[in-house]
Structure formats: C-alpha cells, structure tokens
Amino acid sequence: MAFQLPALSYAFNALEPHIDAQTMETHYSKHHQAYIDNLNKALAGSSAETLPIQEILQAISIYSPAVRNNGGGHYNHSLFWSILSPAPAKEPTGQLKTAIDERWGSLDEVKKALTAEALGRFGSGWAWLLVKFNGQLEIGSTPNQDNPLMDTNTINRGIPVLGLDVWEHAYYLKYQNRRAEYVNAFWNVLDWKAVENRYANAVKK
Ligand code: MN
C-alpha cells in the first residue's frame with residue numbers, strides 16, 4: 001500500500017481569515033501531495049514500503065535523504081492538518097493542562113515559548129510541542145522536514161503532539177515575510193482538543 005493524502009476534515013476556506021483558502025489548497029493538494037509522491041517513489045520496491053511512517057522516521061538514519069525529506073514532509077503535514085480546526089478548543093484540559101502548568105506555569109507561557117521557537121527557526125522548519133521518550137513535555141524546533149521522531153536528532157527526541165509549519169509556503173501568500181503575524185493567527189485555529197488526544201496517546205506508549 002503506497003502512502004496516500006489523508007482526508008481533510010474541513011474545507012480549504014474554513015480556517016479564514018487566519019489561514020486563507022488559496023494557501024490551504026496549494027499547501028495540501030500540491031505540497032503535501034508532492035511529499036507523498038516522492039516518498040512513494042523513494043521507497044518503491046524496498047522492504048520499507050509497507051512499514052508505518054512512524055517506524056521509518058524513528059530509524060531515519062538508515063534511509064536516503066529523499067525518504068527523510070519526503071517521509072518527514074508527509075508525517076508533519078498529516079499532523080498539522082489534524083490539529084487545525086474552524087471550531088477549535090481554545091485551551092487544553094485534563095492531563096495535558098496539568099503537564100503544561102507544571103512545566104511552564106500557564107498556557108500563555110508555553111504559547112510564548114513555542115512562538116519563540118517558531119520565530120527563531122532560521123529558514124524552513126517546524127516548531128514542536130513533544131513528549132520526550134521519558135514522558136516529559138518539551139518544546140523545540142527542527143529544520144526542513146525533520147521532526148522529533150527522527151533518530152538523527154541529537155536533542156528533543158520524542159513524539160510530537162503539536163507541530164507548527166514555518167516554511168514560507170505555509171504563510172507567504174497572505175502574510176508575505178510577516179511570520180510573526182502568521183504564528184499569531186495560528187493560535188486562533190489550533191485545536192487543543194486534538195493536541196490533548198495526541199498527548200494522551202503519546203504518554204500511553
Ligand atoms: Mn508545509
């Protein structure tokens with residue numbers, strides 16, 4: 001089974017005015033699709049073709065740069081679409097709220113810290129909230145289409161529960177060079193319920 005584009009649970013224009021329809025359509029139908037096509041091409045005929053993407057990423061050091069870039073691109077964008085919503089939960093509850101409060105003091109503080117990661121990433125990459133393999137919540141950022149699952153990371157390895165795409169293709173049409181405005185708008189469509197569900201799964205493992 002080749003990798004496939006996951007269905008979006010909302011329309012391209014559903015996240016407006018925060019993320020515009022044209023950006024959504026191009027990002028999903030062109031950029032994400034291209035990562036999938038190139039990943040399938042890179043894995044064609046190899047024994048890894050049938051592995052779950054998480055398993056490939058956790059051992060990414062044994063694969064080619066094409067698998068790293070496009071496998072990361074597929075996983076990262078699948079996560080990104082799933083945590084955005086036109087009707088988002090504005091704050092986490094339960095275990096995730098407790099873990100954030102213990103580590104950062106408040107939701108505002110972790111948002112500030114994640115914003116700093118997103119703005120501090122030079123060039124293309126991602127900002128992350130992740131569960132380290134010891135169960136602790138952490139923030140970080142990675143270049144290109146890398147992510148915390150990859151065994152090529154030297155710091156902040158773990159399971160990502162929130163990912164923020166700071167590639168220019170994610171915001172340039174609407175925000176041009178104003179990454180800070182885009183990051184600010186992102187918080188309006190981030191569904192903390194989706195992050196909470198990912199957190200619950202991550203700490204179970
Ligand atoms: Mn992207």
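Helices (H or I, at least four residues) and strands (E, at least two) are DSSP runs, numbered from the N terminus. The structure is a predicted model, in which local features need pLDDT of at least 70, side-chain atom pairs count only at pLDDT 80 or more, and totals for chains, interfaces and linings use all residues. Residues are numbered from 1 along each chain as its sequence is written, and side-chain values use heavy atoms, with hydrogens and water left out.

The loop between β2 and β3 (158-165) contains Asp146. Asp146 is buried, at 6% relative accessibility. Buried means under 20% relative accessible area, exposed over 50%, and partly exposed in between (1.4 Å probe, protein chains only). Asp146 touches Arg68, Asn76, Trp126 and Trp128, with residues up to four places away in sequence not counted. Contact here means heavy atoms within 4.5 Å. Thr26 and Asp146 are 120 residues apart in sequence; their C-alpha atoms are 21 Å apart in space.

Three strands form an open sheet in the order β2-β1-β3, with antiparallel pairing. Two strands pair if DSSP finds at least two bridges between them. The edges are held by β2 and β3, each with a single partner strand, so one side of each has no neighbour in the sheet. Neighbouring strands are turned by 30° against each other on average, direction ignored. Helix α3 packs on this sheet and touches β1 and β3; its direction makes about 75° with that of β3. Axes are lines fitted to C-alpha atoms, for helices over the stretch in contact, and angles run from 0 to 180 degrees between N-to-C directions.

Strand β1 (residues 125-132) is joined to β2 by seven bridges, and the two run antiparallel. Gly125 stands opposite Pro143, and Ala127 opposite Ser141. Strand β2 (residues 137-143) has five of its seven residues buried, so the rest of the structure largely encloses it.

The manganese ion has four protein donors: His27 (NE2), His77 (NE2), Asp165 (OD) and His169 (NE2), at 2.0 to 2.1 Å. Donors are N, O and S atoms within 2.8 Å of the metal (3.2 Å for Na, K and Ca); water is not among the atoms, so sites may look incomplete. Along the chain the donors are spaced H-x49-H-x87-D-x3-H. His27 lies in helix α1 (residues 21-43) and His77 in helix α3 (residues 65-83), so the pair ties together parts 50 residues apart in sequence. His27 is buried, with a relative accessible area of 2%. His77 is also buried, at 0%.
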